[in-house]
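Thanks for coming. Please have a look at the structure on the screen, and then I will go through a few of its parts.

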Amino acid sequence: MMQKSVAVVGAAETTKMGKIPDVSVIGLHADAALNAMADAGLKPTDIDGVACAGISPVELAQYLGITPTYADGTSVGGCSFMLHVRHAAAAINAGLCTTVLITHGESGRSRVGAGGFGRAPSSLMGQFEMPYGVTAPPTMFTIPVLRYMKTYGVTEEDLANVAVIQREWAAKNPRASYRDPITIDDVLNSDMIAWPFRKLMCCLVTDGGGALILTSAERAKDFPQKPVYVLGTGESVETPMVSQMEDFTTSKAFRVSGKKAFDEAGISHADVDHLMIYDAFAHLPLYGLEDLGFCKPGEAKDFINGRNTAIGGKLPLNTNGGGLSYMHSGMYGMYALQESVRQMRGIAPAQVEGAKISVCHGVGGMFAASGTVIFTNEA
Amino acid sequence: MPPRILPEPTPETQHFWDGTRNGELLLQRCKETGEAYFPPRPFAPKTGSRNVEVFKASGRATLYSYVINHRPRPDMGTEPYAIAVVQLEEGPRMMTNIVGCPQTPEALVLDMPLEVVFEKMSDTITLPFFQPAKG
């Protein structure tokens, strides 16, 4: 895509987050969409492109009263929204539409109007993974980590420290679900979920949503909010079955998506002021730092233990508290994007002073897919 | 306890499940490159060649990675169990359970040698599991 040709002009989360038993899934999409439209000063009839995951863009368009000339139902898990941003930028540049609304809503905790988790027993996952007792992500996303730990000498304490440092960031965010400080011992003494993963190494399960509105950079100047430009994007997919990842110590989808985004953006790692790495579990930031090229293989644990990603560190990471402490409804990517946009607007609760470039990296499924968006606030 | 979740074979995978019922672990390989692959499909990934064959694997493997699930799925009983990925001697990896040993980190050591065993789950489905190698 062309650098800075498209910008985010509307961004908002749902009015409430956490436990929302009185709103259904599509209601969360709509609440986030209405908040983002208010942020951008737009009405549904001003929108001519829609994108969402979890529900169909057909449902979204009809529910909001939008008649789109562009619809994207890409659904590859929690990073779908990074792909939606990428596709929207291409669509706007190609003249398919002018103003794209991307929504997310999920009743992850209350399960109001939500479908179940499961795979057809005739699918490949149904035949070759489900029979062995996998449940939800805690017993699938976690499977590669023992190999990673053995290869690089990573300890349970190293994993725990990821959660500890992200809780420090969460403490600065009034909307974060968990804000009380925790120690490595607290993490290692929390309930065992799927060894070696303890409860505090796993993401939250909450209700919520978010929405973004994108338009051309040229039009973006006329909107009420400071435009946040899309500088580079990447995407890739690897496998629907975690057991079939090429290498359990690194994600191919991460590497491909990240490199594409950095190449498009034309930046180096030293240019990055702020980083979001989708953290469904505590090992994700370790894989992300290495696969995006911020650290050499095996060195992310030392980078995090050295407080480089903590408050005051040189590479602030997951400044909302992440999926581990801020919120996680199931497809967290939208909340990572929202935090990147807040940081670029300069309005984040834990604002990184003077930040000009934010990298937002998502994962979908269990290392199944990946999407990366690099934002800047400089035109 | 609800009945265990079992696979539903498709035409492309039926030979694999016929094999386990007969006590054989069947893989496929590309006849042009000789590279073995899994899960089953009627062509070789990457080359896209349909010139493939089914062959019987040795059943030997090593423990590649795993978790021990402390929140058992209802059809899996009440005790923690390991969900493992094993590295087959022929190259591919597959998910399985490790049987015939305690489900503990002390008993389950990465890279330990394993061998396949078959357990009949229904008239049509026999699952391949792996146990510590006896040889």
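T309(A) sits in the loop that runs between α11 (300–305) and α12 (322–325) of chain A; helices here are DSSP runs of H or I with at least four residues, strands are runs of E with at least two, and both are numbered from the N terminus. This is a predicted model, in which local features need pLDDT of at least 70, side-chain atom pairs count only at pLDDT 80 or more, and totals for chains, interfaces and linings use all residues. Residues are numbered from 1 along each chain as its sequence is written, while chains are lettered from A and ligands numbered from 1 in the order in which they are written.

Is T309(A) buried or exposed? T309(A) is buried, because 25 other C-beta atoms lie within 10 Å, and buried means 20 or more such atoms, with C-beta atoms placed from the backbone. Leaving out residues up to four places away in sequence, T309(A) touches, among others, I165(A), F303(A) and L315(A); contact means C-beta atoms within 7 Å. W169(A) is 140 residues from T309(A) along the chain, yet their C-alpha atoms are separated by 9.9 Å.

Now the two chains. In all, 29 residues of chain B are in contact with 28 residues of chain A. On the side of chain B that touches chain A, β4(B) supplies the largest share, 6 residues. Strand β5 (residues 192–195) of chain A pairs with β4(B) in the antiparallel sense over 2 bridges, and pairing requires at least two bridges found by DSSP. W195(A) has I68(B) as its bridge partner in β4(B).

Technical notes. Buried ≥ 20, exposed ≤ 12 C-beta atoms within 10 Å, placed from the backbone. Contact = placed C-beta atoms within 7 Å.
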